[in-house]
Amino acid sequence: MDQSVTTNLGSTVLAALGDAVNDVRIFRDEVTLITTKERVLEVLQHLRDVQHFEMLTDETCVDYYPREPRFGILYQLYSLSRNIRVRVKVMLGEYERTIPTACGVYTAANWLEREIYDLFGITFDGHPDLRRIMMPPGWEGHPLLKENPVKVEEVAFSFNRNRIDAEKPYARE
Amino acid sequence: MTVAEPQFQIEESPQNTVTASDTQLDITLDQLKKLVSPRALTGDTMLLNMGPQHPSTHGVLRLLLELDGETVISCVPDIGFLHTGIEKTHEGKNYTKGIVLTDRIDYLAPLICNLAYVGAVEKLVGVDVPIRAQYIRVILAELTRMNSHLVWLGTHALDIGAMSMFLYTFREREMLLDIFELVSGARMMTSYFRVGGLWRDVPDHFVDAVRNILKVFPQRLLDYEKLLRENPLWKERTVGVGVIGREDAIAYGMTGPSLRGSGVNYDVRKAMPYSSYDHFDFSVPLGSTGDVYDRYRCRMDEFYQSLKIIEQALDRLPNGPIVTDNRKVAPPPKHEIAYSMESLIHHFKLWTEGFHAPEGEVYHAVESGKGEFGVFISSDGGPKPRRVHFRAPSLCNLQALPHMSKGALIADIVGIVGSVDIVLGEVDR
Amino acid sequence: MGLEQKLGNMGVVTTSLEQAVGWARSNAIWPMLFGLACCAIEMMSTQASNYDMSRFGMELMRASPRQSDLMIVAGRVSRKMAPVLRNLYDQMPDPKWVIAMGDCASCGGVFNNYAVVQGVDEIVPVDVYVAGCPPRPEALIDGILKLQDKIKKEPLTKWQ
């Protein structure tokens, strides 16, 4: 992508939306617009209708623990007509794990937000069908939070192999 | 079929839950009411469970179908039966070790997943890849695309009833797997690309082996076309089935041949060229109506474009290094370690800890066989990523399935599921 | 000397019931058509043109657990899939056997995390483990031949 396009995009969006966008960051030629959860729908609506970002490519969440605010919700948008990408980022604190849903603006957000709800425990206000999508319905907790360990089973070596094997729940007929 | 009796009982238990079958869909009645039409609760229409163990769901997809006779009123996909936690496992691996996991996301196109991941890391770290490595990456990525499309063609035709296609496509697929085995030693899980280049150079007879594919494939493709293209049974089952319009396809975030079947010209290889795809001359096949047949045509035409790209890349394959000389990212050659202290230190650092990436967030997308396969990496400045997220094309394409299957016949569901070419490893990750 | 000549000379062949039943069972295994992940693609390759599993008397994959007696667990088993898998196993009629195909099904493989069951032997009893990620078709065929040997040697007391 051309360098000038990215810088222009940041300044035009900043000019049009004013205080809805707190900050524009450019890293490796990728534009990230930082906004708040109160204004995010306004920003997305503007980007879709005025800036022609027709496609929500991706929506995901990052757990920045131990930094505060802890969670970042990221919307990756793509414009078919202008062939550019932009990222919108909303930071959420430890105790405000809720954000308005983007389903009304982009239909594609439906399952992506269900995935974030399932794996991170962020709830989406006004989501039409907020259920777990990846984990079983009765699962407790949200696995991708940083407090959960990456590994679940102890790695077996010759000194602990027998103990691990004895503790392993083998199935019966 | 005028069976009005529901397949399983829906009754309000004290906890207000519905046990949709003896397996798992434990959702409350209120949630179910939002997903199916009100007629389902009176027993007027039939709720039918399809999957997760069903031969035509391409793995472990589960569908809850609401049927009026043979017509599908609504379709509720239930995914996650292959959820592997790859994104979490990435948090415990350094950037080089992470390549291994990406093979297992889209296991029909492992090299394209490798390419997306190493591309994202290269963007994050800021290394350039030598031109020879880029060309070899292109050749292997296009072979992988053909591999992915061959499995799609075989299974899709098998679902609809053209049994022999499966045997033909898997015969040709073995030829491609032989190439992957030649370069990497593994048939499917290759992990051949490294950050900054390739694991090792291709063997001498690689070019001849790929040229052999270029020689054989046009004839084989002709055979496929003879079997299906104008076959009246095939057209009866595919033309006008599972239609999705241009605007809807964009709104659902569909990409790849499923989007191009609806006539939207979006191919990441053309739009934002990576790995020197802009050096090659190829076109993007487009459909018009967005039905199953158009999506089939788009993929079939992509075979010819892939062959065209491979031929150009082979003709212009330059000599030179296959991995970057940035020693902070790529390990030094073995002979250098013997006399250079600095190389030894680099080698030690790379194999014990891995390289540190600068703090930041990048998104890199490539065109996989299914659509735009994107990798998002958030780095905290250490040797392991803070978060790796994969933008799976199959997930977004599958999301449009309820829209496409509304009003279709139940026998067409397998055709529609086949035509969006999902791979569940990628949907669930 | 072939069997026909023996038959011609003696008229009958004596064998134990165990051996006869084991021989019959081992050469008519009906695997269940049930793929999970990457290994399922290699399982398909095993049945397809180049490798052709039907040479060993098991070309008939059944999609219904009630008609099959071999479950090839091809791929990683997630926590969400585990009850479904056990359910399928319980629906299979006795006698039945299980092959854990690939590293993920055998021990969790590279996925030591919250989502993947660390070896399918936590859910169903496994007879043969096939290593590889994914195993080559030859490896799967070898696993099946190993299972056939095992079935042939199964003692009378183990019959169900």
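How many residues of domain 1 of chain B are in contact with domain 2 of chain B? In this predicted model, 18 residues of domain 1 of chain B touch 18 residues of domain 2 of chain B (contact: heavy atoms within 4.5 Å).

**View 1. The two domains of chain B.** Domain 1 spans 17-78, and domain 2 covers 86-324 + 355-428 (bounds from an automatic or database domain assignment). Their centres, taken over C-alpha atoms, lie 31 Å apart.

**View 2. Area buried between domain 1 and domain 2 of chain B.** The two domains bury about 1500 Å² between them (accessible area, 1.4 Å probe, lost on being put together, summed over both parts). Carbon and sulfur atoms carry 70% of this area. In domain 1 of chain B, the residues losing the most area to domain 2 are B:H58, B:L61 and B:V72. Together they make up 39% of what that side buries.

**View 3. Polar links across the interface of domain 1 and domain 2 of chain B.** Three residue pairs are in polar contact, both residues at pLDDT 80 or more (N or O atoms within 3.5 Å, one able to donate a hydrogen and the other to accept it; residues adjacent in sequence count only if both atoms are side-chain atoms). Salt bridges number zero (side-chain nitrogen of Lys or Arg within 4 Å of a carboxyl oxygen of Asp or Glu).

**View 4. Strands on the domain 1 side of chain B.** Strand 3 (46-50), strand 4 (62-68) and strand 5 (71-78) each give two or more residues to the side touching domain 2 (strands: DSSP E runs of at least two residues, numbered from the N terminus). Strand 5 of chain B gives the most, with five residues.

Residues are numbered from 1 along each chain as its sequence is written, and chains are lettered from A in the order written. Local features need pLDDT of at least 70, side-chain atom pairs count only at pLDDT 80 or more, totals for chains, interfaces and linings use all residues, and side-chain values use heavy atoms, without hydrogens and water.

Notes
Helix = DSSP H or I, 4+ residues; strand = E, 2+ residues; numbered from the N terminus.
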